[in-house]
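The entries follow in the order in which I made them.

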Amino acid sequence: MDYYAEVAEGLPKRLRNFIDGEFVESVQSFPKFSPIDGRELSHVAEADAAAVDAAVRAARRAQQGPWRQYTTAQRAETLHRIADSIQDRFDEFVAAEVADTGRPIAQAKALDIARGISNFRTFADLVSTAHGECFESVGADGTQLLNYVTRKPLGVVGVISPWNLPLLLLTWKVAPALAMGNSVVAKPSEESPTSATLLAEVIRDSGLPNGVFNLIHGHGPNAAGEWLTKHPEIDAITFTGESRTGSTIMKAVANGVKNVSFELGGKNAAIVFADADFDAAVEGVLRSSFINAGQVCMCTERVYVERSIFERFVSELKTRAEALRVGSPYESGITTGPMISSAHRDKVLSYFKLAVEEGANVVTGGNVPKFDNACDNGAFVQPTIWTGLPDSARCVNEEVFGPVCHISPFDAEDEVVARVNNSNYGLAACVWTTHLARGHRVAQRIETGIVWVNAWYARDLRTPFGGAKLSGFGREGGRHSMDFYSELTNICVRVA
Ligand code: NAD
Ligand code: 6OD
């Protein structure tokens with residue numbers, strides 16, 4: 001048996017809520033199924049309204065307890081301790097992420113869990129080295145004034161996260177929220193509950209005061225997620241997930257005028273100019289379209305290739321996509337795992353069908369792979385490439401969130417920029433070119449929160465991350481996270 005499959009056997013099979021420093025039972029629970037082979041992995045607490053209320057109230061009480069007295073240095077030390085403990089239990093976290101989602105083991109190690117650790121370290125370092133703002137001025141009557149700005153925690157922050165990069169995206173929000181002195185009620189996706197439960201264990205063991213971090217499991221609509229957003233004692237909601245869910249949450253928090261930060265969906269484009277380093281561009285698009293089986297919000301689903309290299313690019317990407325190995329992450333050499341669930345696989349397959357109805361040429365894929373083993377009960381689809389669709393096609397405009405891209409030729413820079421920007425989404429884009437000025441020029445004209453030139457998903461955690469249009473609201477990362485997770489007060493003192 002694979003080592004990580006064996007580690008997964010030892011993970012908790014009954015996943016409970018973590019409220020006020022203790023794991024607590026729930027009345028209802030739901031099964032979590034493996035996307036690799038469909039078997040039941042665990043039973044997960046379904047937090048009811050009373051559990052959500054208990055978690056929020058514990059978080060509120062914690063704001064008045066010893067956590068309030070922590071200096072920034074003490075908070076930073078606590079965050080580093082949490083990072084150390086994730087590192088100590090690295091293999092369990094990897095096993096949890098692989099079992100819940102089916103992602104390749106190498107990816108879980110290099111991206112997911114490594115980033116979970118660096119999220120805590122980054123915000124620990126940022127908060128302990130942050131400096132404030134101070135302004136001296138003279139009033140109209142000649143008085144001398146000193147203005148200085150203080151940061152206070154917001155209070156209780158609700159963190160709602162998705163299944164596609166479970167620990168990475170949960171800790172991306174929990175770490176800065178704690179760094180700024182807030183208490184947290186976190187609700188991970190019902191599809192990826194295990195690494196969040198391990199995180200609660202680590203936090204319990206880190207010495208964080210009871211109630212500062214609480215975890216509630218459960219579903220979204222008319223369940224734990226919705227009740228959290230509607231709870232009157234929540235001060236802010238930070239959410240990553242679908243644009244439609246973001247819109248629902250925005251309405252839910254409107255009555256209380258709560259602050260929100262949203263990282264939402266995308267229909268991201270890559271532009272490949274004829275002057276690009278051809279091999280790097282093909283490899284970059286392969287990775288950006290098919291990593292995590294296309295289930296990363298920044299994945300490329302629209303590829304625009306300059307006409308003179310279009311046929312060659314399509315043919316080379318096809319060859320490399322067909323060389324991807326789809327299957328169980330516990331087999332060696334696997335590059336591509338399943339969709340998160342059979343429901344999501346069915347959604348992706350419905351787009352495969354729609355693309356054909358809309359007139360796509362299916363260059364490769366478009367089906368369910370056949371394994372003749374337990375993976376036939378899993379949620380796999382083939383890496384898929386389409387060409388030939390008009391820009392108006394639904395498959396070129398709607399987020400599929402699977403291992404699929406559409407490739408289209410273009411003739412001119414202005415034309416391709418207009419086509420890329422003609423989207424309701426605005427999360428991320430890539431430009432592949434060796435022409436320095438063109439790289440800058442095109443990147444600056446694209447209407448997305450992030451543009452990579454000759455790269456994809458290269459992250460510096462101090463930079464602003466977020467999207468425009470339907471892709472989000474606000475920015476997180478570095479000082480942008482510090483701004484979101486704190487309340488600024490300007491204190492103006494007459495000094496003479
Ligand atoms: P989702 O919106 O279905 O669910 C996300 C979370 O919200 C889950 O925890 C879910 O239980 C909860 N939820 C659902 N309905 C809710 C409601 N009415 N009230 C409160 N909570 C609710 O998204 P998903 O399917 O888990 O994730 C995939 C989507 O997330 C894709 O659209 C993807 O692009 C997007 N995403 C965006 C980013 C980004 O940084 N922009 C990152 C990751 C994923
Ligand atoms: O890397 C990050 O900080 C981040 N927020 C990634 C989002 C990925 C979406 O799937």
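**Entry: ligand 1**

The side chain of Glu263 has an N or O atom 3.0 Å from an oxygen atom of ligand 1. For the side chain of Glu399 the corresponding distance to an oxygen atom of ligand 1 is 2.5 Å. Ligand 1 taken alone exposes 850 Å², of which the protein buries 93%. I note that accessible areas come from the Shrake-Rupley method with a 1.4 Å probe, and that for residues only the protein chains shown count as cover.

The model is predicted: local features need pLDDT of at least 70, side-chain atom pairs count only at pLDDT 80 or more, and totals for chains, interfaces and linings use all residues. Residues are numbered from 1 along each chain as its sequence is written, chains are lettered from A and ligands numbered from 1 in the order in which they are written, and side-chain values use heavy atoms, with hydrogens and water left out.

I then asked which residues come nearest to ligand 1. Of the 30 residues around ligand 1 (a heavy atom within 4 Å), these are Ser161, Glu190, Thr245, Leu264 and Glu399. At least two residues of this shell come from each of α8 (224–230), β11 (236–240) and α9 (243–254). The most is given by α9, with three residues. Helices (H or I, at least four residues) and strands (E, at least two) are DSSP runs, numbered from the N terminus.

**Entry: ligand 2**

I found Glu263 again in the surroundings of ligand 2, which include Leu165, Trp172, Cys297 and Phe465. An oxygen atom of ligand 2 lies 2.8 Å from an N or O atom in the side chain of Arg115. A polar side-chain atom of Asn164 is 2.7 Å from an oxygen atom of ligand 2, and for the side chain of Tyr457 I noted 2.8 Å between an N or O atom and an oxygen atom of ligand 2. Taken alone, ligand 2 exposes 310 Å², and the protein buries 100% of that.

**Entry: Ser289**

I located Ser289 in helix α10 (residues 278–290). Is Ser289 buried or exposed? Ser289 counts as buried because its relative accessibility is 0%; buried means under 20% relative accessible area, exposed over 50%, and partly exposed in between (1.4 Å probe, protein chains only). A polar atom of the Ser289 side chain lies 3.1 Å from the backbone oxygen of Thr300. Beyond four places in sequence, Ser289 is in contact (heavy atoms within 4.5 Å) with residues including Gly294, Cys299 and Pro403.

**Entry: two positive phi values**

Most residues other than glycine have a negative phi. I noted that Ala293, not a glycine, has a positive phi of about 55 degrees. Ala293 lies in the loop between α10 and β14 (300–306) and is buried, with a relative accessible area of 1%. Asp20 has a positive phi near 55 degrees and is placed in the loop between β2 (17–19) and β3 (22–24). Asp20 is partly exposed, at 30%.

Key. A polar contact is a pair of N or O atoms within 3.5 Å; within protein, one must be able to donate a hydrogen and the other to accept it, and residues adjacent in sequence count only if both atoms are side-chain atoms.
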